Amino acid sequence: METASVLLQSRTMPFGFNLKCNQIVSCRHFNKQFQSKGFYSHQSLKPIQNPSSFSLLPSPLHKTRTQFFSPLKCSFSDIPSSDSPNPLLKPFKNLSFDSVKSSLSELTPIKIVKWATIVSLGIAATKWTVNLAFSPFFWMYFSWSWLFWPWFVAIALAVYGLYCFRKHSIGEASIVEQLAIVTSVFAWLTLVPPAYFNGYLEGWPFVFFFVYHYFFFFNVSVRKRLYGDYYARPHDPKWDVNPPKWYRLLFCVGVMVGHWLAAFEAPELHRIPGGWSNVGVWILIVVTLLMQYNSTLYLAKYSEKVVVPTVVVQFGPYRCVRHPVYASTMLLFATYCLALRAPLSLMFVVAVCLMYYEQKAKLEEVVMVETFGESYLEYASKVRCKFIPFVY
């Protein structure tokens with residue numbers, strides 16, 4: 001009955017309708033009375049006794065207004081709203097003192113320690129996050145030129161990079177995941193160490209973060225230029241020459257340690273001079289990029305599937321050193337240390353690279369001699385420098 005009253009006395013939709021029941025209905029906002037099909041005279045609106053006989057139909061009195069509305073439908077229920085089930089209280093329906101007592105009796109000291117540890121760590125993490133978010137020192141250096149390094153972003157990036165590297169090791173990583181691997185490595189090489197020792201970032205770390213990306217993606221860009229995509233082609237595995245895994249792992253650790261030593265040895269970032277004193281660093285960056293690009297391009301032109309050489313390449317940077325790709329990598333690391341004014345770290349990184357690339361170059365030259373014979377021996381006698389010009 002309440003539903004019918006609300007609909008009948010509504011002022012929001014002024015249209016006429018008929019009620020199929022044995023009563024006369026008064027539509028007060030029209031100040032008129034409409035008689036139902038029972039033709040009973042002038043009765044007041046009474047409660048509906050039989051809800052099943054109640055229906056609403058559009059009236060032909062106002063066709064121009066009701067033609068845009070679909071026929072109204074309503075339902076009637078005698079069940080009070082308080083008896084309808086509440087989904088929020090459903091989990092607590094069967095809750096009783098005995099069930100709580102039995103659950104507590106099943107607890108063991110190990111479970112208590114476990115849950116206490118989880119709750120404690122959750123409270124500590126929440127407290128640390130809230131304090132960090134509302135700390136003025138956290139946002140003090142957040143600008144275009146000064147950027148406070150958030151540790152949780154660095155750690156999350158490292159974790160995601162390790163996850164992508166695992167997928168890459170089984171051949172399931174996508175292009176985006178391979179990019180995430182490279183980005184996480186370069187962030188922990190160029191951004192995280194100076195941010196840790198300075199508390200903020202500015203200047204050269206940002207520059208080298210992007211230079212490292214550009215440098216190491218030359219090989220991928222050459223694949224895109226030659227084949228139209230970024231994927232490596234299957235090739236003869238004899239050209240996949242690498243030292244043992246433990247040797248490669250030591251090399252990676254040495255490069256990482258060298259970058260952290262450079263950030264430790266370097267003065268504070270805002271004390272590094274700018275202006276014309278950095279012209280030499282910019283020249284070294286340009287030389288490094290050009291050497292890497294030309295070395296990769298010439299090697300790809302005279303190779304199958306970018307990896308397998310068809311002739312002994314003696315053009316471009318190969319006229320000066322026999323392994324210009326490795327030489328440009330060492331020059332890049334050395335330029336980073338030089339830009340941060342860390343000479344001792346420069347010597348450490350160069351020594352690590354020389355030990356690793358010397359071993360790798362020996363393995364490669366053995367394969368080259370087996371493949372090209374006298375042609376490569378003649379080239380090696382002509383170009384005696386392996387990595388550094390004028391250093392035999």
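A crossing of two helices is left-handed if the near helix is turned anticlockwise from the far one by less than a right angle, and right-handed if clockwise. The model is predicted, so that local features need pLDDT of at least 70 and side-chain atom pairs count only at pLDDT 80 or more, while totals for chains, interfaces and linings use all residues. Residues are numbered from 1 along each chain as its sequence is written, and side-chain values use heavy atoms, with hydrogens and water left out.

**View 1. Packing of helices α6 and α7.** Helix α6 (residues 151–169) and helix α7 (residues 175–198) pack at about 145°, their axes being 8 Å apart, and α6 passes α7 in a left-handed crossing. Helices here are DSSP runs (H or I) of at least four residues, numbered from the N terminus, and axes are lines fitted to C-alpha atoms over the stretch in contact, with angles from 0 to 180 degrees between N-to-C directions.

**View 2. Phenylalanine 264 in helix α10.** Phenylalanine 264 lies in α10 (residues 245–265) and counts as exposed because its relative accessibility is 58%, the cut-off for exposed being over 50% with a 1.4 Å probe and protein chains only. The C-alpha atoms of phenylalanine 264 and phenylalanine 197 are separated by 6.4 Å, although these residues are 67 apart along the chain.

**View 3. Surroundings of phenylalanine 208.** Leaving aside neighbours within four places in sequence, phenylalanine 208 is in contact with residues including Thr190, Val281, Leu332 and Tyr336.

Key: Helices (H or I, at least four residues) and strands (E, at least two) are DSSP runs, numbered from the N terminus. Buried means under 20% relative accessible area, exposed over 50%, partly exposed in between (1.4 Å probe, protein chains only). Contact means heavy atoms within 4.5 Å.
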